[in-house]
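Have a look at the sequence and the fold before reading on.

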Amino acid sequence: MKKNVLALIALTIAEQAFAQTPVFKRIVIDSTIQYNSHKPKVLSKFSKDKYNDVGTLNNQGFKLYRYTENWKPYVIFSPGASQGFEDAQVADINGDGWNDIIMGGWSNHTLWAENPMGQGNDPYKNTWIIHTIDKTRFSHEVCIADLNADGKPDVITTSGLYIQGATADSWIFVNIGRSGQGTFAVNMLNNKDGYADVVGLYRTETENQIAWFENPGHKGGDPIKDKWQPHVIDPYPGDLSNPQMTTMAFNCGDINSDGRTDLVCASQGEGPGPGDSNQQVGDGLVWYEAPADPRNGGWIKHVINPAIAWIHASSLQLADFDGDGHLDINYAQQDQSKDRKDGSNIKQQLGIYYNIDGNGKTWGSQIISRYKEYGAGGFNSKVGLIGNDKLPSIFTALHGYFGDANPVFLWRNRSAKNHSRKK
């Protein structure tokens, strides 16, 4: 590893209890067990009421669970759970003012489901129309961002970009040269010019590197026709002895309060080798401190916990869970983590690392659930506000890979700072 590019900085992990640690109440949203089901999830507002609902896909269809009706389920569309849908996101795809749902997965089927509120119809009692974006390319993870500054949401998947055309049924595919699994979309220059960049893995002749792919729109180019330039953040995310890090989880935010866009990442654990027995934990749970010049500067690697791995692409979420004004890190380990053979006792957890000093150097650890607790850990997690709460909660479930029970849980944040604990 090039010392002048990356520096491994030891951080203080405050494992002991600390002031104002939130309390999370487990609520079983749906007890349905479906083995080897990814149950892609959403948490957002879908109707005229002011509250967020939650939703997920199982063998009964995609369900919205309505907050104002004590999480009553409504099947809103049926794309076929057997098609291996793995990730779900929310955005107003067709610009009618209402949130739609976008999904992708192992069947190479990327779709968006249209919220009927745009036609004045009840989103709980009317079937959402399914629109196909692509049926030919792999889409393990799905991200949403505006890639060409036209005000319309575009879709980023494992395979590349889908830039929305004249209508929400017209999509242009762009291959930017990324590899592996794990994607995030954000303006890495933080210059508010309307162009989002893409974080992913970049394959050289011998290894996969963490990189961000620069949107050519930043320099007046065309995001559809011009090259997306990769800028390497870490040339050896798994260290020199393990250069084949093929699956990772990414998220971005300002971790150290300097106004720059930092990167948080962890290994999903899977990679080349005999199936899921390949225990690729890489460097664990880490964050990379952005330089003043993200194009040419060196990113500084900070290891939070080297034993944290098996984090699904969407199970690394950033939010202020304790109300201190700093971004914290929520991680959910998927089912395979309990089968690790590296001697680690970090198995199948749902937890939070609290950014105590606001600089990303002192972290407080809270484990919300752990193996062998019922349904411990998580997969494809989402975070957001529930009811009148002021602090975010966590919505997650396992995918039953080893036959684990995978009920859908809402871990509701009951911090004293919420001030809204009645409803």
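Searching the whole structure turns up 13 aromatic pairs, where rings of Phe, Tyr and Trp (its six-membered ring) pair if their centres lie within 6.5 Å, with planes under 30 degrees apart called stacked, over 60 edge-to-face and the rest tilted. Take F77 and W128: the ring centres are 6.5 Å apart and the planes sit at 35 degrees, so this pair is tilted. F77 belongs to strand β7 (residues 72–77) and W128 to the loop between β10 (110–114) and β11, so the pair ties together parts that are 51 residues apart in sequence. Ring pairs also link F46, F62, F77 and W128 into a cluster.

Here is how the two partners score on burial (buried is under 20% relative accessible area, exposed over 50%, partly exposed in between, with a 1.4 Å probe and protein chains only).

| Residue | Relative accessibility | Class |
|---|---|---|
| F77 | 3% | buried |
| W128 | 1% | buried |

This is a predicted model, so local features need pLDDT of at least 70 and side-chain atom pairs pLDDT 80 or more, while totals for chains, interfaces and linings use all residues. Residues are numbered from 1 along each chain as its sequence is written, and side-chain values use heavy atoms, leaving out hydrogens and water.

Now the strands (DSSP runs of E, at least two residues, numbered from the N terminus). An open antiparallel sheet has 4 of them in the order β8-β9-β10-β11, pairing meaning at least two DSSP bridges. β8 (85–91) and β11 (129–134) are the edges, each with a single partner strand, so one side of each lacks a neighbour in the sheet. β8 pairs with β9 (residues 100–105) over 6 bridges, and F85 stands opposite G105 in β9.
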